[in-house]
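Subject: Structure handover

Hi,

Here is the structure I promised to pass on. My notes come after it.

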Amino acid sequence: MSGWRRVRCQARAWQAARLEWKADLDRWKAENERFKAASRAARKRGETPAVNDPGPPPTGFALLPWLLMGMGAFANLLQGRTPDPLVGGLGLFVFNSLYIYVTFRSFDRTRREEPRTRVALLLMGLLTTGLAVGYGGNWLMFFPLLGLATGAALRGPWLGRSGILLAVYAAALSGVRGGWSDATNIGYATFLSTMVTAAILGLSEAVRELRAAREELARRAVEKERARFSRDLHDLLGHTLSVIVVKSEAARRLAPRDMDAALGQITDIESVGRQALTEIREAVTGYREGSLATELDRARSALTAAGVEPDFRRSGTPLAPQTEALLGWVVREAVTNVIRHSDAGRCEIAVTGTAERVRLTVTDDGSGTPVSRSAPGIGGTGLTGLTERLAAAGGSLMAGPAPRGGFTVTAELPLVAEELAAARPTAPDPS
């Protein structure tokens with residue numbers, strides 16, 4: 001009963017191997033059809049098929065033709081020149097089956113490193129030794145086939161040692177069983193088949209991994225650019241449209257009693273709109289550099305038009321353009337939130353510098369919260385985008401209710417090299 005159970009287990013193992021082989025065959029056919037379809041489409045468009053497309057991934061089918069090296073042993077069986085042909089035929093069948101099993105699993109990294117693959121490779125080695133010792137002659141050609149399977153299944157530092165040991169072992173066994181001329185040929189063929197197979201398959205895998213890495217880098221670059229553009233567009237349009245709405249409301253209120261003041265607000269609206277068009281064009285190309293002084297002037301104008309008293313204070317060393325650009329984004333977003341949501345009467349903006357960092361604080365005395373809160377300390381989409389910008393530059397952004405009421409946005413950035421050089425005291429002239 002136990003023998004019958006072992007037979008059934010072996011049959012299930014062969015069935016699983018056959019299913020894996022069919023899956024590899026279907027996958028190879030699908031990849032091959034995709035590659036051919038892409039090539040036909042390129043030719044119809046009058047283009048040359050992409051040379052950087054390596055085509056369908058290699059599978060165990062690439063190593064199947066080498067089984068013809070065992071045709072000499074098969075011919076000996078057919079011609080009756082092999083003693084115990086039943087044992088030889090069974091050995092030939094098992095060797096070919098193990099060869100197919102190992103090679104097809106070797107093209108998948110996960111299955112290649114499983115113990116079952118290594119066990120099957122070891123069984124191939126034992127079977128090859130038995131057939132070579134028992135029959136010799138053409139049966140010694142199974143050693144180069146074993147080398148092919150070894151080169152396909154092994155990677156890393158053990159590959160070279162295994163190739164040398166296998167070649168020396170094959171040469172020694174061939175010398176004992178046949179002649180030393182056969183020993184040299186079999187040893188050289190075994191070593192060559194092992195190392196060349198490993199080199200070709202390793203190079204193919206490296207090319208495909210590099211191609212996949214390049215595609216992943218391109219995808220991440222597209223996502224990064226998309227995120228940058230969405231942040232720029234939100235910050236630009238959110239602030240600009242808020243200013244336009246506020247100044248339009250001011251012009252509507254002033255028009256019945258002071259037409260000149262209303263025309264002044266309308267002129268500001270025109271100026272803001274033209275500036276927004278310029279900034280959007282520059283944002284599309286990614287070359288826009290903001291200025292903190294410009295943003296503070298715009299913030300003063302927007303706050304005054306909204307009926308909010310501005311209070312600006314600035315101290316410290318001159319800032320680098322990239323630092324000013326980031327702080328300008330913070331001023332733009334924070335002032336936009338003050339105008340739209342805070343119902344404040346006063347807004348304080350302070351820029352202070354320390355020995356190694358610069359801090360920007362925007363505080364209002366309103367009763368509302370500038371944005372709907374989605375996480376502790378950080379507000380909505382605009383402040384989230386600013387947090388990402390500042391974090392990429394080594395800074396931080398905090399937003400939350402002020403201790404005395406209102407809302408406070410605090411941004412900190414490290415000083416860059418040129419700012420630190422400007423802040424460092426100059427040594428007195430010895431003369």
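This is a predicted model: local features need pLDDT of at least 70, side-chain atom pairs count only at pLDDT 80 or more; totals for chains, interfaces and linings use all residues.

Residues are numbered from 1 along each chain as its sequence is written, and side-chain values use heavy atoms, without hydrogens and water.

Aromatic pairs. Rings of Phe, Tyr and Trp (its six-membered ring) pair if their centres lie within 6.5 Å; planes under 30 degrees apart are stacked, over 60 edge-to-face, the rest tilted. That rule gives 4 aromatic pairs. In one of them, the ring centres of Trp139 and Phe142 are 5.6 Å apart and the planes stand at 90 degrees, so this pair is edge-to-face. Ring pairs join Phe95, Tyr135, Trp139 and Phe142 in a cluster.

Burial. Buried means under 20% relative accessible area, exposed over 50%, partly exposed in between (1.4 Å probe, protein chains only). Trp139 is buried at 2%. Phe142 is buried at 0%.

Charges over rings. The test is NZ of Lys or CZ of Arg within 6 Å of the ring centre and within 35 degrees of the ring normal. Arg161 lies over the face of Trp158, 5.0 Å from the ring centre. Arg389 has its charged end over the ring of Trp329, 4.4 Å from the centre.

Helix α11. Helices (H or I, at least four residues) and strands (E, at least two) are DSSP runs, numbered from the N terminus. α11 covers residues 321-342. Of its 22 residues, 18 are buried, so the rest of the structure largely encloses α11. Asp343 follows α11, with a positive phi near 55 degrees.

Best wishes

Terms used:
The expected span of a helix is 1.5 Å times one less than its number of residues.
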